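Opened a new notebook page for this one. I want to go through the fold, then the core, then a couple of single residues.

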Amino acid sequence: MSDLRTRLRRRAGTIMVGGAGLLLTASVGTLALPMLGGDSAAAEADAQEAIAELRTQADEAEDELATKHEQLLAKLPGADVERVARDRATGRGLLLTLTGTSSSTRSVAETQALLDARYKVLGPDSRALTEFVPEWMSATGAAQGSGTVYRISDLSIDVGGISGLDYSYVGVARLDPVVLDEDEAGPSEFVLLSFSTAQDGTVTRLDVYRTETKSRDALLDEGSDKKGTGG
């Protein structure tokens with residue numbers, strides 16, 4: 001059973017990587033054609049048309065890959081697709097709560113006490129509470145009284161493992177600052193998420209990490225590359 005789950009997850013990863021590779025190849029080839037022409041205006045029009053088409057293809061491919069991923073997930077022995085959807089929503093909610101502290105008007109200690117009382121999984125031994133929250137509030141300005149509001153611009157949460165009735169998940173989120181003037185926007189933040197749930201939906205483990213600057217820059221570069229290729 002364990003070997004089957006491993007093979008299915010690897011297959012899902014192959015599909016994702018293969019699809020991204022096809023999109024990249026198509027985008028490079030398509031965008032290169034207009035550049036070979038002599039009429040710059042016509043070339044620009046052709047390029048814009050190609051970009052629009054690639055974006056449509058990328059959206060369609062993303063939907064198809066998501067469907068295939070869900071189909072593979074459904075083949076995992078004992079996997080409950082509806083439960084996975086529910087747990088993903090739970091994980092997103094927890095992430096929003098924790099990262100929402102970036103704009104808190106409370107002190108770090110007050111925020112920790114509030115979260116501790118609200119969530120059983122965020123007890124005094126929780127690193128998400130004792131380490132992530134203070135670091136996040138300090139890095140985003142909340143600890144100094146001038147916090148930043150963030151929105152989740154991208155979030156991926158995948159099943160990390162199934163052990164009996166317990167499911168574990170891993171995810172990565174990109175958060176962009178919400179500002180009126182883009183020129184005044186600070187850097188995007190990336191947060192890594194890992195959690196487990198019981199059958200009734202109770203979160204039994206939660207780890208959240210703000211990525212290091214080097215890792216964050218690498219993720220930003222990767223995101224820029226994807227946008228540049230129409231993906």
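This is a predicted model: local features need pLDDT of at least 70, side-chain atom pairs count only at pLDDT 80 or more; totals for chains, interfaces and linings use all residues.

Below are my entries in the order I looked things up.

**Entry 1: overall layout**

I started with the secondary structure and found six helices and four strands in the protein chain. Going along the sequence, I read the pattern as α-α-α-α-α-β-β-β-β-α.

The protein chain has 231 residues, and 35% of them are buried. Its accessible surface is about 13500 Å², and carbon and sulfur atoms hold 53% of that. I also checked the sequence separation of contacts: taking those between residues at least 6 apart, 58% link residues at least 24 apart.

**Entry 2: the sheet**

In what order do the four strands sit in the sheet? I get β1-β2-β3-β4, an open sheet with antiparallel pairing. That leaves β1 and β4 as the edge strands, each pairing on one side only. Ignoring direction, neighbouring strands are turned by 15° against each other on average.

Then I went through the pairs one by one:

- β1 and β2 are antiparallel over twelve bridges, and V159 sits opposite Y169 of β2.
- β2 and β3 are antiparallel over nine bridges; Y169 has F195 as its bridge partner in β3, while R174 has F190.
- β3 and β4 are antiparallel over seven bridges, with F195 opposite L206 of β4.

How enclosed is β2? Nine of its twelve residues are buried, so I'm calling β2 largely enclosed by the rest of the structure.

Which strands does α3 touch? The helix packs on the sheet and touches β1, β2, β3 and β4, with its direction at about 135° to that of β1. I checked α5 too: α5 lies across β1, β2, β3 and β4 and runs at about 30° to β4.

**Entry 3: the nonpolar core**

The largest nonpolar core has 30 residues, and L98, L122, L206 and V208 touch the most other members. I listed the elements that give two or more residues: α3 (81-99), α5 (127-139), β1 (150-163), β2 (166-177), β3 (189-197) and β4 (203-210). The top contributor is α5, with six residues. For context, nonpolar side chains in soluble globular proteins tend to be buried together.

Beyond its neighbours within four places in sequence, L98 contacts L115, L122, F132, V133, W136, L206 and V208. Three names in that contact list, L122, L206 and V208, are also among the residues with the most partners in the core.

**Entry 4: S102, a polar residue**

S102 is in the loop between α3 and α4 (108-118). Is S102 buried or exposed? Its relative accessibility is 1% and the cut-off for buried is under 20%, so S102 counts as buried.

What do the polar atoms of its side chain find there? I got two backbone oxygens: T99's at 3.1 Å and T148's at 2.5 Å. Leaving out residues up to four places away in sequence, S102 touches W136, T140, A142, G147, T148, V149 and Y150. W136 also turned up in the contact list of L98.

**Entry 5: T130, for contrast**

T130 lies in helix α5. At a relative accessible area of 37%, T130 is partly exposed. With neighbours within four places in sequence set aside, its contacts are Q112 and P124. I also took the C-alpha separation of T130 and Q112: 7.7 Å, for residues 18 apart along the chain.

Key:
Residues are numbered from 1 along each chain as its sequence is written. Side-chain values use heavy atoms; hydrogens and water are left out. A nonpolar core is a set of buried Ala, Val, Leu, Ile, Met, Phe, Trp, Tyr and Cys residues joined through side-chain atoms within 4.5 Å. Buried means under 20% relative accessible area, exposed over 50%, partly exposed in between (1.4 Å probe, protein chains only). Contact means heavy atoms within 4.5 Å. Accessible areas come from the Shrake-Rupley method with a 1.4 Å probe; for residues, only the protein chains shown count as cover. A polar contact is a pair of N or O atoms within 3.5 Å; within protein, one must be able to donate a hydrogen and the other to accept it, and residues adjacent in sequence count only if both atoms are side-chain atoms. Two strands pair if DSSP finds at least two bridges between them. Axes are lines fitted to C-alpha atoms, for helices over the stretch in contact, and angles run from 0 to 180 degrees between N-to-C directions.
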